[in-house]
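These are my notebook entries on a single protein chain. I looked up its charged pairs, its helix packing and its surface.

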Amino acid sequence: MKLNIIKQRGLWWTISAVAIIASIAAMTISFVQLNAPVRPGLDFVGGTRLQLTLDCGVEGQCQEPINGGDVREVLAEQGLEGSTLQIVEKQTLAIRTKELKSEQRTQLQEALDRKIGRFDPKTIQIDTVGPTIGRELFASGLLALIVAFFGIAVYLSFRFKFDYAVLAIVALFHDVLIVMGLFAILGLTLNVEADSLFLVALLTVTGFSVNDTVVIYDRIRELLKERGETDSINTIVDNAVNQTLTRSINTSLTTTLPLIAIFLFGGETLKYFALALIVGFISGAYSSIFIASTMLAWWRGRQEKSDFSKKSFSSPDEPMPEIQPSDEA
């Protein structure tokens, strides 16, 4: 099967444009409501996270899952209405809230014991992050992402040409925006928070995506050397993509399948980290095949037309070719 990507590039660009517009819209709504493009986690804004598990040694206590409504009532009584609540595996309670002092945490735990049931003291986990540390983590993660993009641009400029690098960066922005857009939607609908692992996922996605793009660009460069004088840039790009398509699909599958297993069975800590990687890897494979390559063909096609026009009008004073008289009477 030969895939004709150039002929249908309008379709690929439309799909990407819709996804990007939806992502930007979701991030805009999130920014209006939460002052951040995605719902920030405890790592970035600071606060306290409590995780408590019911003591199933108490008879009859673990027969029913924890009632989220009852927990919300307790939080409201403690003045913590804006807290994020998550019930894990029916008997474990995770609460993310503003920074609490030791006395406030004790009061909250005692109120939950009275309302919900006795919690096992051995399973209680308390994490506290100050807002200053949260801002530093965010700034460091953002700087790492910027440095990664800059390094990729420099590398591709030396490895190929500057226009290759620019179009590859466009494809990377495409992938990052789609992952951020998904998490903006999840943050607005399911209260999913972006923590430091989310930034790690974005950095990993950029590395995976540019690797796939480099493979296709390398093949395009080889075909340009071999057939550049006989084949058009559209034909060369189509051939390059089809020759590397099997490798791209196999690489994406072999990396995505373990991530799906982690998403399904890896627990709450890694669940959304794996989801970010799954979406990013799929988006990266798509952008490498259908966006970066087709945009390169479009850009080089424009350059060829521009060069042809310049050559056509570069020597206006050249004499017109002499017309030979016809032998016919």
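Entry 1: A salt bridge here is a side-chain nitrogen of Lys or Arg within 4 Å of a carboxyl oxygen of Asp or Glu. The pair links distant parts of the chain, as Asp127 is in strand S4 (residues 125-129) and Arg49 in strand S1 (residues 47-53), 78 residues apart. Helices (H or I, at least four residues) and strands (E, at least two) are DSSP runs, numbered from the N terminus. Arg49 counts as buried because its relative accessibility is 14%, whereas Asp127, at 31%, counts as partly exposed. Buried means under 20% relative accessible area, exposed over 50%, and partly exposed in between (1.4 Å probe, protein chains only).

**Entry 2: the source.** I noted that this is a predicted model, in which local features need pLDDT of at least 70 and side-chain atom pairs count only at pLDDT 80 or more, while totals for chains, interfaces and linings use all residues. Residues are numbered from 1 along each chain as its sequence is written, and side-chain values use heavy atoms, with hydrogens and water left out.

Entry 3: I then looked up Lys115 and Glu73, whose side chains meet in a salt bridge (3.2 Å, N to O). Lys115 lies in helix H4 and Glu73 in helix H3, so the pair ties together parts that are 42 residues apart in sequence. Lys115 is partly exposed, with a relative accessible area of 41%, and Glu73 counts as partly exposed at 40%.

**Entry 4: the packing of H3 and H4.** I recorded that helix H3 (residues 68-77) and helix H4 (residues 102-115) pack at an angle of about 145 degrees, their axes being 10 Å apart. Axes are lines fitted to C-alpha atoms, for helices over the stretch in contact, and angles run from 0 to 180 degrees between N-to-C directions. Among the residues that meet are Asp70, Val71 and Glu73 in H3, and Leu108 and Lys115 in H4; contact means heavy atoms within 4.5 Å.

Entry 5: I found a salt bridge between the side chains of Arg219 and Glu222 (2.6 Å, N to O). Both residues lie in helix H7 (residues 196-227), 3 residues apart, about one turn of the helix.

**Entry 6: the whole chain.** Of its 329 residues, 42% count as buried.
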